[in-house]
Every structure is written in structure tokens, then in C-alpha cells.
Amino acid sequence: MNKKLLFAGSARMMMRYKMRTFFMAIGIIIGVTSLVFMRAMGVGAEQAMMDTVNKTFSISTINLVAGGGHMGPRSDGPVTSLKVADFVALENQVDGVVLQGAMQWFPGQDIRYQGNTRQMAVYGYTANTEAVWQRGVMEGEYFTDDEVQSASRVAVIGRRAADALFGEEAPIGKQIQVGSVPLTIKGILELQGIDTHGADKDDEIHVPVTTLMRRLMNVDHVFAGRIVLDDPSRVEAAAEQINTIMRERHSLADSEPPDFVVLTPALVQDIVSNANRVLLQYLPAAAGVALLVAAIVIANIMLIAVKERVPEIGVRKAVGAEDGQINFQFLTETVVVSLTSGLFGAGIGIVAAVGYGSVSGVPMVVTIGSLSLGLAAAVIVGVVAGFLPAKQASGLNPVNALR
Amino acid sequence: MIEMKGICKSYPRPDEGPLQVLKNIEINISDGEYVAIVGPSGSGKSTLMNILGLLDHTESGDYTLGGESVSGLSSAKLAKLRNQKIGFVFQQFHLLPRTSAIENVEIPLVYSDADNPGQRAIAALEQVGLGDRMKHFPEELSGGQQQRVAIARALVTDPELILADEPTGNLDKASGEDLMDLFQKLNDDGRTIVMITHDENLAKRAQRIVRIDDGRLSELSDVDPSESQMGDVV
């Protein structure tokens, strides 16, 4: 059998019957295009989230959050059992701890400067924020240990928040007002953009955690905190130690659920990937529906084509085509169309993803994996759709076919 | 070339008993012979053609083609024999539409291992006098030219036997005559030709005429080739 002639013939059929080819192709093109596009969006979103996670959550840190696995607002009010002292104890008792920092937050506060008011979140941090949370200042200074000890009325402000409140004025040294408490701006925070929760990290202010607790919120608990270890390999062991120590400190019976969550880097990455499952798996599965419809359409068109081509099949058998060769030929014809459509779809998907990404700024990442997935899907559709028509064509009796 | 002995073929009918189409067919055709098989419609000549062309199975009897017994061969093996040894010419030409002359002629080569298919196809088209129409589609060719393309397709694998089923049936008289000249030329080159026709005048161009009637063969005459040539001129 001369495969070269056979493929040339299949390509010819595709070109000479343009209308038929178009209807066979369109479903696969749409399916593969959307598959590639949506995977690009999913992978892009995941990479962007992972980048943010890795930037803010290095591999040798553990976060400790108040509440039992429940991170949002609670109907029974905030969990108040997590204290600054817990973190001091953990620093002393857990092996390999080099740094710790507790934090509290107070969302949606009106911050005033002269006539301007802006609502934003107030965060309370310790003086070592740059080392613990990887965020320092781009101008001025962060607050010091002494200022944390004395619950000083000082603040560091995000760039966007500063621009909104101060306009052209230089913010450092100016006094802002949170409720009745005046705070002196010491510095401007490094730019960080939008975080994984969608909050604008440049539109917030930081104050010493003690200032936030005592002067602004009037509470004695913190919301969360972070432990930094000297080595990433200690993370799992440290997480277990933290569990034990915290249960003891909070006097929890064995049967009681914890009132805190220990988040390790592996756990955070898991959570992020899970959150991304919709983009990475379910949306591409919707493209699968388009491909399924395409397979049905192609099978139909090919079945009609086989009927139209009965004399041709008769001639081919008369001049020496074996049943298996006719079968192979018709399968080849559908796969040539489906693979070509898949290539078109992949091309359009790349262009659409890159174009959309550059216009909208949404991170889009086209991977070899998603392209191969698209092309493999196209070939599978071709084989599945071509199976029955090819079987019918190869089963024709040449005597009847030539009559 | 062809030896048939005791070939029978019947088709089942719903209410009556099976219809005997071929009854104890015996025929020998030597290499290089030009044989016309004549008979009215329903005489069984198409069935005989299909059996000669290895497209249909016999019920009983022996069929030896080119020294090889073909009874009981697998359909794949039969397909291979058709490809190598037999060239078919049909009444309706059966050219693929939207497919150029040369592409049509190449079709048998898809199923063979012959090299240089393009050159073979060109040579076959030149042999039938269509060297200047190779890129034409069937729709752009006259009936006679289309049948020549079909003959080129039959010749492209260089078979020993050409089986033609009413090859001039869809042609006007002049084109039919031209085509008969072409068959004569092919026979002069040593190719065995078996032609089925109901037209006794055309049959006279063959060396030998075999009549089939109600499934039975009878030898009609042995025409002297030179006589046939003479008749042409007169």
C-alpha cells in the first residue's frame, strides 16, 4: 500500500469538498480553540497565584490562623483565643524557629487626612515584617520594636492609599486620623499589587500590632501570625510541634476541635490548586462537550459521504483495495480533517490567548501540555467519528457497489 | 490465462427456489486472446464478468487465473490478484468526480507497492492518447475521453488481463469506434482482453466470440484477426 498516495488523496478530498470539510472542521476548531484558551487562562491564573503565594509565603514558613479551619467571618464572632504570647511561646519551644510575628487586622476603617477620607484595612504587624512577611518600605521607615512595645501612634501606608489621601503632598511625617486616634506616617510600603484573596495590598496601612489591638480595636487577641524556620525540611515536624503546643496552651481536650489552623506551604499550594480546579479542569471539560458534538456531526457527514461514494468504493475494491485498506482510508480521511482542524484550533487558541492576555492583562499561559491535549482530543474525535463510516465503507460488496 | 471448469452460480430468491445464473461454465482463454462475450441482458454475462474479475465467489467449479487456482483464496489475496493481474473497464466509467485524470489513474497504485506512481500514471495516460489532458477533471472531458482515462486506470498496474463490461455502452458511435481501436491496439501489444457486450457488431472486432444464454456458454466462432482488420477497412 502506498501511504503517500493515500494521504495525498485524503488531503485532496478535504480540499475539493470544502463545504463538507468546513462542517466537519468547525466543531473541532471551536472545541480545541476553547480548550487551549481556557487551559491558558487556568494555567496562567494558577501560576500567578503560585507566584504570589511563593512571594508572600516562602517554603520555610508556617502560618498560624485563629479559628478552626474556618477562615472567613464567623457567625459566633471572631475567635479570640490566639494571643501574641502564643507566638512568643512557639518561638521558644519549636525547634528551628528563627523569627515570629503576630498580626491583627481591622478591615474597612475610615482613614482621614485633612478633608480626605478613604476606607481601607488597617493591619497590625510586628517590627520584623520585612523578614517575616517579605514586605518592607519603599520610602521612609517601618516601625521599630520600641514602637511596637510602646504601642506608638505610627503607621506605614500603601502607595495607592497614600496617593488617594495625600495627592501631591509628601505623606511621610504627616498625621492621619483613624477614629479618634492620630497616627504619624513613617513610611510607604513596597508595592505588592492584588493578593490571592483579591485585596489590593497597596491600599492598606500598617500599624504596630499593639497599637491596633489596644488603641484601635480594644482587643487582646490577634488574628494570625507566622513562624519562620531556619530550614524548609523542618516544616512538617514544626507543624506537628505547633499543634501539640497550641492545644496545650489553649487547654483543648483531645475530643475538642482546634481553635487554630496551621498552614504549611504545601497545604497553601494545595488550597490554591483546588481553588483553581474550576479553571483548570471543569472549563476545559466544557470544551469536551463541543468536541463530542463535533464527533457526532463528523460521523453523520461521513456516513452520508460513504453513501454518496458507493461507486468509488466499488472501483477501489475492483482495482485491488482490501477491506482493511478501505477502512484505513476512510479513517485516515476523518483523522486528516480532524487533526488539521485541531491544528487550526490550537493556532487560533494561541492567538486568542496571547491576544486576550496582552489586551486585558489577565495572565495567560499556553503550555505544550494543553496544545498536545487539544491535538490528541482532535485525533480521538476523528478516530471515534470515523470508526462507523469506515466500517460501513469497508464492508460494501464490490459487485453491489458497482451496479 | 483463464481456465474455468464447472462453474456454477445461483442467487437465492424469496419465494421460489434459487435462480441458477451460471450453469456449468467451461471456458479456456489463452494469453493474448481477445474474446467477446455476448448475450442478452439477464443471460448471466455480468455475473460471469464478476467471477472472472474475482469480485464474486463461485459455488462450485475451478477457476485458474494465470496458472493459479483462485478458489478458496482469502478476500485480501483476491484483492491483491485484482490489483496485479486484472484491469477493469466499466460501462459507467466510474471515475472519481473532482479528481483529475492523473489522480484517477493513480488510484490502483494506492493499493500496490509499485514505485514511481506518478510516472506510471503519465505513461498510462499517454498510452491511451490523453497525455495532454492529465490535469483535467472528468467533468471537463468527453465521454470517450473519460472512458480512455478509465482504460489508463486499468492499464496502470500493467495487468495481463483487461476485463471490459460494455465499455462503449455509454458512448456515441464514433467514440465507440475509437475505443474499439484502442482495445485492438492493446491486444496487439499482447494483452488478453475479455469484453462483455450485447452488441454483436462490436463483438466481431474480437478474435473469438462466446455467447452466453440462460447461464450457458457456447462458442460462436473463431474470427480470424486479419479478417477483422479487413472488415474495419471496408
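## Start on a strand of chain B

Select Leu19(B) to begin: you'll find this residue in strand β2 of chain B, which covers residues 19-29. Keep in mind as you go that this is a predicted model. Buried or exposed, or something in between: where does Leu19(B) fall? The relative accessible area of Leu19(B) is 38%, so this residue counts as partly exposed.

Lys9(B) and Leu19(B) are ten residues apart in sequence, and their C-alpha atoms lie 8.5 Å apart in space. Show contacts as well, skipping neighbours within four places in sequence, and Leu19(B) turns out to touch Lys9(B), Ser10(B), Tyr11(B) and Arg13(B).

## Into the cores

Next, select Ile2(B), Met4(B) and Phe183(B). These are the residues with the most contacts inside the largest nonpolar core, which has 107 residues. Which element gives this core its largest share? Helix α10 of chain A (residues 277-308) does, with eight residues.

Zoom in on Met4(B). Not counting residues up to four places away in sequence, Met4(B) touches Ile25(B), Glu26(B), Ile27(B) and Asn28(B), along with Leu48(B), Ile51(B), Leu52(B), Asp62(B) and Tyr63(B).

There is also a second, separate core, this one of 47 residues; pick out Val97(A), Tyr125(A), Leu229(A) and Leu263(A), which are among its members.

Stay in chain A and click on Ile227(A), in strand β9 (residues 224-229). With a relative accessible area of 1%, Ile227(A) is buried. What surrounds Ile227(A), leaving aside neighbours within four places in sequence? Its contacts are Ser60(A), Thr61(A), Ile62(A), Phe87(A), Leu90(A), Val97(A), Leu99(A), Gln100(A) and Ile242(A).

## Two stops in loops

Select Ser251(A), which sits in the loop of chain A between α8 (235-249) and β10 (260-263). At 59% relative accessibility, Ser251(A) counts as exposed. Check the backbone here: Ser251(A) has a positive phi of about 50 degrees, although it is not a glycine. Most residues other than glycine have a negative phi.

Asp214(B) is not a glycine either, and its phi is positive, at about 50 degrees. Look for Asp214(B) in the loop between β9 (208-213) and β10 (216-222) of chain B.

## A helix and its cover

Colour helix α2 of chain B, residues 75-85. Its buried residues are Leu78(B), Ala79(B), Leu81(B), Arg82(B), Asn83(B) and Lys85(B). What covers them? The cover includes α11 (310-318) of chain A, and from chain B it includes β4 (60-65), β5 (68-69), β6 (86-89), α3 (101-110) and β7 (161-165).

## Helix pairs of chain A

On the α11(A) side, the contact is made by Glu312(A), Ile313(A), Arg316(A) and Lys317(A), and on the α12(A) side by Asp323(A), Ile326(A), Gln329(A) and Phe330(A). By class, the residues of this contact divide into three nonpolar, one polar and four charged.

Helix α12(A), residues 323-360, and helix α13(A), residues 368-394, pack at about 155 degrees with their axes 7 Å apart. How do α12(A) and α13(A) run relative to each other? They are roughly antiparallel, since an angle over 145 degrees counts that way. The contact of α12(A) with α13(A) has 16 nonpolar, seven polar and two charged residues.

For the last stop, pair α13(A) with α10(A). Their axes come within 9 Å and cross at roughly 30 degrees, and α10(A) and α13(A) are therefore roughly parallel. The crossing of α10(A) and α13(A) is right-handed. Residues to select on α10(A) include Leu291(A), Ala294(A), Ile298(A) and Met302(A), while those on α13(A) include Ala377(A), Val381(A), Ala385(A) and Leu388(A). Sorted by class, the contact of α10(A) with α13(A) has 14 nonpolar residues, one polar and no charged ones.

Note on methods: Residues are numbered from 1 along each chain as its sequence is written. Chains are lettered from A and ligands numbered from 1 in the order in which they are written. This is a predicted model: local features need pLDDT of at least 70, side-chain atom pairs count only at pLDDT 80 or more; totals for chains, interfaces and linings use all residues. Side-chain values use heavy atoms; hydrogens and water are left out. Axes are lines fitted to C-alpha atoms, for helices over the stretch in contact, and angles run from 0 to 180 degrees between N-to-C directions. Helices (H or I, at least four residues) and strands (E, at least two) are DSSP runs, numbered from the N terminus. Angles under 35 degrees count as roughly parallel, over 145 as roughly antiparallel, 65 to 115 as roughly perpendicular and the rest as oblique. Ala, Val, Leu, Ile, Met, Phe, Trp, Tyr, Cys and Pro count as nonpolar, Asp, Glu, Lys and Arg as charged, and the others, Gly among them, as polar. A nonpolar core is a set of buried Ala, Val, Leu, Ile, Met, Phe, Trp, Tyr and Cys residues joined through side-chain atoms within 4.5 Å. Buried means under 20% relative accessible area, exposed over 50%, partly exposed in between (1.4 Å probe, protein chains only). Contact means heavy atoms within 4.5 Å. A crossing is left-handed if the near helix is turned anticlockwise from the far one by less than a right angle, and right-handed if clockwise.
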